[in-house]
Amino acid sequence: MVYTHRVQREFIESKTFRVGSSQLLPFIMSAIIRRIINTAKAPAAIGPYSQAVVVDRTMYVSGQLGMDPASGQLVAGGVQAQTKQALINMGEILKEAGCGYDNVVKTTVLLADMNDFNSVNDIYKQFFQKSFPARAAYQVAALPRGGLVEIEAVAVLGPITDAS
């Protein structure tokens, strides 16, 4: 093993832990930074959770309903209007962390009615236009506040280059 820094080598040599009954391995653990993301431009959390959490370069965006941030009420107009508002809310949270929809690598879409799948897709593709994130979609028994759709996301902060 090649060590580039004498201090690092000395640290590793002083920190060994028993694995199994006889093997000793060096062990390093560095602190992971967690940052809470919150913006008034998206609805406040309606429970004991954060709008988003960043750990290292990964951001976990809590499920967004189609709620108007000012009133805290679901927008009128059905599943497409709620989908659009949920994605606008997500965009504001992404922006607060310094990224955008292109940084999203995974979403989960929760639907009150799976028959709305195509209607949600019609709006969803207006926000995610290339390099679509991985996605799962589920019908659920009910969503908070009687919502028709909820969308959560995982994003990676910083510049992203697509492989060809």
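Begin with Thr107, whose bridge partner in S7 is Arg135. The chain crosses from S6 through H3 to S7, and this β-α-β crossover is right-handed, in that the path from the first strand over the helix to the second runs clockwise when the strands point away from the viewer. S6 and S7 run parallel and are joined by six bridges; two strands count as paired if DSSP finds at least two bridges between them. Element names refer to DSSP runs numbered from the N terminus, helices being H or I with at least four residues and strands being E with at least two.

The model is predicted, so to speak of local features requires pLDDT of at least 70 and side-chain atom pairs count only at pLDDT 80 or more, while totals for chains, interfaces and linings use all residues. Residues are numbered from 1 along each chain as its sequence is written, and side-chain values use heavy atoms, with hydrogens and water left out.

**Stop 1: helix H3.** Select residues 117-127, which form helix H3. Which of its residues are buried? They are Val120, Asn121, Ile123, Tyr124 and Phe127, where buried means under 20% relative accessible area, exposed over 50%, and partly exposed in between (1.4 Å probe, protein chains only). Contact here means heavy atoms within 4.5 Å.

**Stop 2: strand S8 and its partners.** Keep S6 and S8 in view: they pair in the antiparallel sense over seven bridges. Along this pairing, Val104 stands opposite Ala155 in S8, and Thr108 stands opposite Glu152. Next select strand S5 (residues 58-65), which runs antiparallel to S8 and is joined to it by six bridges. On that side, the bridge partner of Gln64 in S8 is Ile151.

**Stop 3: two residues with positive phi.** Most residues other than glycine have a negative phi. Select Asp56, in the loop between strand S4 (52-55) and S5. The phi of Asp56 is near 60°, a positive value in a residue other than glycine. Is Asp56 buried or exposed? Asp56 counts as exposed because its relative accessibility is 62%. Then move to Ser131, in the loop between H3 and S7. Ser131 also has a positive phi, near 45°, and is not glycine. With a relative accessible area of 44%, Ser131 is partly exposed.

**Stop 4: from S5 towards H2.** Select Asp68, in the loop between S5 and H2. At 26% relative accessibility, Asp68 counts as partly exposed. What does Asp68 contact, leaving aside its neighbours within four places in sequence? The contacts of Asp68 are Pro43, Gln73, Val75 and Gln85.

Finish at Gly78, which is in helix H2. Gly78 is partly exposed, its relative accessible area being 28%. A distance label drawn from the C-alpha atom of Gly78 to that of Gly66, twelve residues apart along the chain, will read 9.6 Å.
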